[in-house]
Amino acid sequence: MTQSLTILGLESSCDDTAAAVVRQSDGDMAEVLSSVVFGQTELHSAYGGVVPEIAARAHAEKLDLCVIEALKEAGVSFQDLDAVAVTAGPGLIGGVMSGVMCAKGIAAATGLPLVGVNHLAGHALTPRLTDDIAFPYLMLLVSGGHCQYLIVRGHEDFTRLGGTIDDAPGEAFDKTARLLGLPQPGGPSVQAEAETGDPKRFRFPRPLLDRPDCNLSFSGLKTALMRMRDQIVAEKGGLTRQDRADLCAGFQAAVVDTLAEKTRRALTIYMEENPATPTVAVAGGVAANTAIRAALQTVCADAGAAFTAPPLRLCTDNAAMIAYAGLERFKSGARDGLDLTARPRWPLDQTSPALIGSGKKGAKA
């Protein structure tokens, strides 16, 4: 008899409140029955970034409504579910706590098993949900809060090859947008400006390319752009529209070149495992940047590796990836009690040393 598992997933680690239902039958790919996301862009727009307290309150107000809509869209009830999965970290602790408490309430009221999920594992396993790619594969997780290269060998088997020692690319895009007076989120705004700019007018640094490892740094790049902006303003009394476009183009080109070169290095290490079907996957909100995607596709083609990127709606934060990661954990026998703890930091790779800048409390990711 074919066994089918149906999982409700909850996600609230940053500024997107999300719920989703995913189902999988033996031998079949998982199916996303529903994926509901309530964004908070308008709540934070006046502050130039996400305000943790505002985000946490919004999650607490919206999570139950999000769950109801996801169940309705999927055409299922709590009685049709096999478990509830929830992001238990890493993330903004207030938001993570909101999701964990909501999931605990559902589990306690319905008797459903509870499965805590690492938010980063959700991103890292998304290519399995969307394209059913085989282990092991190389994952570039590139978002507003995280950036790292991972060899994914199993649903709980991750080896970090490198990552950012300071700002993640998405964070650098957001800060660049603020420096240039562009709206948030910064990634789409900077990309749109860069399309009409000259990437060669301003030569920004390519951080850490003088080092042989796969680590990244984007804080200095953002500072270099700020200094160039100030220099132009001092000389001309302000920025023209073309100045701003050229600054965006130069900044984006530096990010693209850095990610492309570091991906080549990560690919070299990954290919030493001689995977039967070498594949590079990219996920996270920054994966939506067309220039970055094009550069990564070229790197993969040169190395003879396949390239895959989930649809944009599953690249950014969503609960379908959490439901799927929870489904994988559930199938392996993982269960969490009502003492499940929300974690602001939760490295996927528990064995690699913490990256520089991870703080006194340990590595974020």
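**A mixed sheet, a pocket and the cysteines**

Visitor: Which residue in strand 9 is the bridge partner of Leu140?
Guide: This is a predicted model, and in it strand 6 covers residues 137-142 while strand 9 covers residues 279-283. These two strands pair in the parallel sense over 4 bridges. Within strand 9, the bridge partner of Leu140 is Val282.

Visitor: In which sense, parallel or antiparallel, do strand 6 and strand 7 pair?
Guide: Strand 6 is joined to strand 7 by a hairpin that runs through 4 residues, and Leu138 stands opposite Ile151 in strand 7. Over 6 bridges, the sense in which strand 6 and strand 7 pair is antiparallel.

Visitor: What is the order of the strands in the open sheet of 5 strands?
Guide: The pairing in this open sheet is mixed, and the twist averages 25 degrees from one strand to the next. The edge strands, each pairing on one side only, are strand 8 (157-163) and strand 10 (306-308). Read across the sheet, the order is 8-7-6-9-10.

Visitor: How many of the 8 residues of strand 7 are buried?
Guide: A residue counts as buried when its relative accessible area is under 20%. Strand 7, residues 147-154, is largely enclosed by the rest of the structure, because the number of its 8 residues that are buried is 7.

Visitor: Which element gives the largest share of the lining of the second largest pocket?
Guide: The second largest pocket, with a volume of about 270 Å³, is lined by 16 residues, of which Asn118, Glu156, Arg329, Trp346 and Leu348 lie nearest its centre. Two or more lining residues come from each of strand 5 (114-118), helix 4 (119-131) and helix 11 (320-331). The lining divides into 9 nonpolar, 4 polar and 3 charged residues. The largest share, 3 residues, comes from strand 5.

Visitor: How far is the sulfur of Cys248 from the closest cysteine sulfur?
Guide: The structure holds 0 disulfides; Cys66 is in none, with the nearest cysteine sulfur, that of Cys102, 9.2 Å away. A disulfide needs two cysteine sulfur atoms within 2.5 Å. Cys248 counts as buried, at 0% relative accessibility. The sulfur of Cys248 is too far for a bond with the closest cysteine sulfur, in Cys147, because the distance is 20 Å.

How values were computed
Residues numbered from 1 in each chain as written. Predicted model: local features only at pLDDT ≥ 70, side-chain atom pairs only at ≥ 80, totals over all residues. Heavy atoms only, no water. 1 Å grid on protein atoms, 1.4 Å probe; cavity = no way out; pocket = protein on both sides within 12 Å on 5 of 7 lines; lining within 4 Å. Points joined across faces, edges and corners; volume = space filled by probe spheres on them. Nonpolar A, V, L, I, M, F, W, Y, C, P; charged D, E, K, R; others polar. Buried < 20%, exposed > 50% of the residue type's maximum accessible area, 1.4 Å probe, protein only. Pairing = 2+ DSSP bridges. Axes fitted to C-alpha atoms, helices over the stretch in contact; angles between N-to-C directions.
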